[in-house]
Amino acid sequence: MQIPVALERLVYEFSRFPGVGRKTAQRLAFSILRYSKQETQNLADALTEVKAQIRYCSVCSGFTDIDPCAICSHAGREQEQVCVVEQPNNIFPIEKSGVFKGVYHVLMGAISPLDGIGPEQLNIKNLRKRVENSAIKELIIATNPTVKGEATALFLQQEFSGKISTITRLACGIPAGGDLEYVDDVTLMEAFSGRHKLYN
């Protein structure tokens with residue numbers, strides 16, 4: 001049976017989401033069909049509202065509905081400690097953990113020569129300005145533990161070496177509760193290179 005054109009369009013739009021294949025997109029589309037008229041309108045309003053109200057913070061480039069964002073403008077945050085992440089959504093899990101009390105800077109990507117993305121295409125120019133105009137004491141590089149993320153971390157280390165007193169990189173390795181049998185080679189390599197001494 002051929003899927004109606006309007007439904008096919010909805011399936012296509014859902015399938016454009018990262019990590020959503022056609023089967024999942026179809027399930028989502030069929031779920032929408034079971035929505036009441038009011039539920040459908042609520043979803044449409046939420047989509048319109050998020051596009052109208054959410055923008056990038058002029059300081060850190062994180063997602064916000066006020067400018068500067070609540071983190072950048074919070075008097076209690078440690079402004080001299082900047083955590084550099086690849087994408088705006090990377091801020092949320094760090095904030096949820098509650099372990100970091102500084103501020104952020106979003107690169108809007110990672111260095112990937114094969115994709116034509118170099119340092120010029122990233123939000124590094126604004127980071128340079130922040131370093132020049134602020135008393136930043138520590139730059140925490142929290143790019144993803146991938147080839148692109150590592151290349152970006154290396155570039156940032158070289159770029160800001162001598163300009164900031166402390167440059168650190170988030171530790172990588174075997175997650176808590178992990179099983180060595182299922183750990184990939186890259187994670188295992190990071191775990192060995194980042195091993196630390198145990199004290200009695």
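Helices (H or I, at least four residues) and strands (E, at least two) are DSSP runs, numbered from the N terminus. This is a predicted model, in which local features need pLDDT of at least 70 and side-chain atom pairs count only at pLDDT 80 or more, while totals for chains, interfaces and linings use all residues. Residues are numbered from 1 along each chain as its sequence is written, and side-chain values use heavy atoms, with hydrogens and water left out.

**Ser112**
- The loop between strand 4 (102-106) and helix 5 (124-133) holds Ser112.
- Ser112 counts as buried because its relative accessibility is 5%; buried means under 20% relative accessible area (1.4 Å probe, protein chains only).
- Its side chain makes a polar contact with the side chain of Asp115 (2.7 Å). A polar contact is a pair of N or O atoms within 3.5 Å; within protein, one must be able to donate a hydrogen and the other to accept it, and residues adjacent in sequence count only if both atoms are side-chain atoms.

- Four strands form an open sheet with parallel pairing, in the order 4-3-5-6; two strands pair if DSSP finds at least two bridges between them.
- Strand 4 and strand 6 (166-169) are the edge strands, each pairing on one side only.
- Strand 3 (residues 78-85) pairs with strand 5 (residues 138-141) in the parallel sense over four bridges.
- Gln81 stands opposite Glu138 in strand 5.

**Helix contact**
- Helix 5 packs on the sheet and touches strand 3, strand 4 and strand 5, where contact means heavy atoms within 4.5 Å.

Terms used: Buried means under 20% relative accessible area, exposed over 50%, partly exposed in between (1.4 Å probe, protein chains only). Axes are lines fitted to C-alpha atoms, for helices over the stretch in contact, and angles run from 0 to 180 degrees between N-to-C directions.
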